[in-house]
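Here is a short briefing to read alongside the model. Please keep the 3D view open as you go through the points.

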Amino acid sequence: MYLYGAGGHAKVIMGILSRMNEKVYAIFDDDTSITDVLGCPVLHVEKNGGTVDYQYWKQSYAEKNSREIPGPI
């Protein structure tokens, strides 16, 4: 599961998903000062019409952190 928005509601949603045994692999947010929410990496998105290029951010994260983000793609 991936979330968009690393604010307070993300923590609530992550808590609910955790109780449902669902894993949050990453959170997308445009605030570059947030790097992590409850141990979950935050990927920073540029404002480009509201779209997120998942493959680009997956590769970018892997390069910056020496590990890949698992996921459906």
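Two strands pair if DSSP finds at least two bridges between them, and strands (E, at least two residues) and helices (H or I, at least four) are DSSP runs numbered from the N terminus. With that in hand, D29 has H44 in β4 as its bridge partner.

This is a predicted model, in which local features need pLDDT of at least 70 and side-chain atom pairs count only at pLDDT 80 or more, while totals for chains, interfaces and linings use all residues. Residues are numbered from 1 along each chain as its sequence is written, and side-chain values use heavy atoms, with hydrogens and water left out.

**The sheet**

- Four strands make an open sheet in the order β1-β2-β4-β3, with mixed pairing.
- The edges belong to β1 and β3, each with a single partner strand, so one side of each has no neighbour in the sheet.
- β1 and β2 run parallel and are joined by 3 bridges; L3 has I27 in β2 as its bridge partner.
- β2 and β4 also run parallel, again with 3 bridges.
- Strand β3 (residues 36-37) runs antiparallel to β4, and 2 bridges join them; here D36 has P41 in β4 as its bridge partner.
- The hairpin of β3 and β4 has 2 residues between the strands, and L38 takes a positive phi near 50° there.

- Buried means under 20% relative accessible area, exposed means over 50%, and partly exposed lies in between (1.4 Å probe, protein chains only).
- Strand β4 (residues 40-44) is mostly covered, as 5 of its 5 residues are buried.
- C40, V42 and H44 point one way from β4, P41 and L43 point the other way, and all are buried.

**Aromatic pairs**

- The structure holds 2 aromatic pairs; rings of Phe, Tyr and Trp (its six-membered ring) pair if their centres lie within 6.5 Å, and planes under 30 degrees apart count as stacked, over 60 as edge-to-face and the rest as tilted.
- The ring centres of Y2 and Y25 are 5.9 Å apart with planes at 40°, so this pair is tilted.
- Y2 lies in strand β1 (residues 2-4), and the pair with Y25 ties together parts that are 23 residues apart in sequence.
- Y2 is partly exposed at 21% relative accessible area, and Y25 is partly exposed at 27%.
- Y2 and F28 have ring centres 6.2 Å apart and planes at 40°, so that pair is tilted.
- This pair links distant parts of the chain, with Y2 in strand β1 and F28 in strand β2, 26 residues apart.
- F28 is buried at 7% relative accessibility, and Y2, Y25 and F28 form one aromatic cluster.

**The surface**

- I13, in helix α1 (residues 8-19), is partly exposed, with a relative accessible area of 38%.
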